[in-house]
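Me: I have a chain open on my screen and would like to talk it through slowly. Can we start with the strands and how they pair?

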Amino acid sequence: MILKKMRFARSQRGNIIVVVGEQRFKRTSGYGMKSWWHCIKRSTKGCSASMSLHGGSVVKYNFQHNH
Ligand SMILES: [Zn+2]
């Protein structure tokens, strides 16, 4: 799968989020250059889409959304 265009943005609450295509991800944990992100629908819809970043690059991802 070709990685869709990814960009950083801010949520309405001022948190950093990552936007991939139509989907938004929020940071769940991280240290140093590494960080882990989950789909913002994880809590409301149980979506398991996630990814991890190293620096500004995606090193692992699962973009299987259930919504
Ligand atoms: Zn999702």
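Reply: Strands β1 and β2 (residues 16-20) pair in the antiparallel sense over five bridges, where two strands count as paired if DSSP finds at least two bridges between them, and where strands are DSSP runs of E with at least two residues, helices are runs of H or I with at least four, and both are numbered from the N terminus. Please keep in mind that this is a predicted model, in which local features need pLDDT of at least 70 and side-chain atom pairs count only at pLDDT 80 or more, while totals for chains, interfaces and linings use all residues. Residues are numbered from 1 along each chain as its sequence is written.

Me: Which residue in β2 does Arg10 stand opposite?
Reply: Arg10 faces Ile16 there, and in the hairpin of β1 and β2, with five residues between the strands, Gly14 takes a positive phi near 90 degrees.

Me: How many residues of β1 are buried?
Reply: The count is zero among the five residues of β1 (residues 6-10), so this strand is hardly covered, given that a residue is buried if 20 or more other C-beta atoms lie within 10 Å of its own, exposed if 12 or fewer, and partly exposed in between, with C-beta atoms placed from the backbone.

Me: And what joins β2 to β3?
Reply: Four bridges join β2 to strand β3 (residues 23-31), and the two run antiparallel. Val20 has Gln23 in β3 as its bridge partner, and the hairpin of β2 and β3 has two residues between the strands, with Gly21 in the turn showing a positive phi of about 60 degrees.

Me: New topic: which residues make up the largest nonpolar core?
Reply: That core has seven residues, namely Val18, Phe25, Trp37, Cys39, Ala49, Met51 and Leu53, and the elements giving two or more residues to it are β4 (34-39) and β5 (50-54). A nonpolar core means a set of buried Ala, Val, Leu, Ile, Met, Phe, Trp, Tyr and Cys residues joined through C-beta atoms within 7 Å.

Me: What is Cys39 in contact with, leaving aside neighbours within four places in sequence?
Reply: Cys39 is in contact with Gln23, Phe25, Cys47, Ala49, Ser50 and His65, where contact means that the C-beta atoms of two residues, placed from the backbone, lie within 7 Å.

Me: Last one, what is the overall pattern along the sequence?
Reply: The protein chain has one helix and six strands, and read along the sequence they follow the pattern β-β-β-β-α-β-β. Buried residues make up 10% of its 67 residues.
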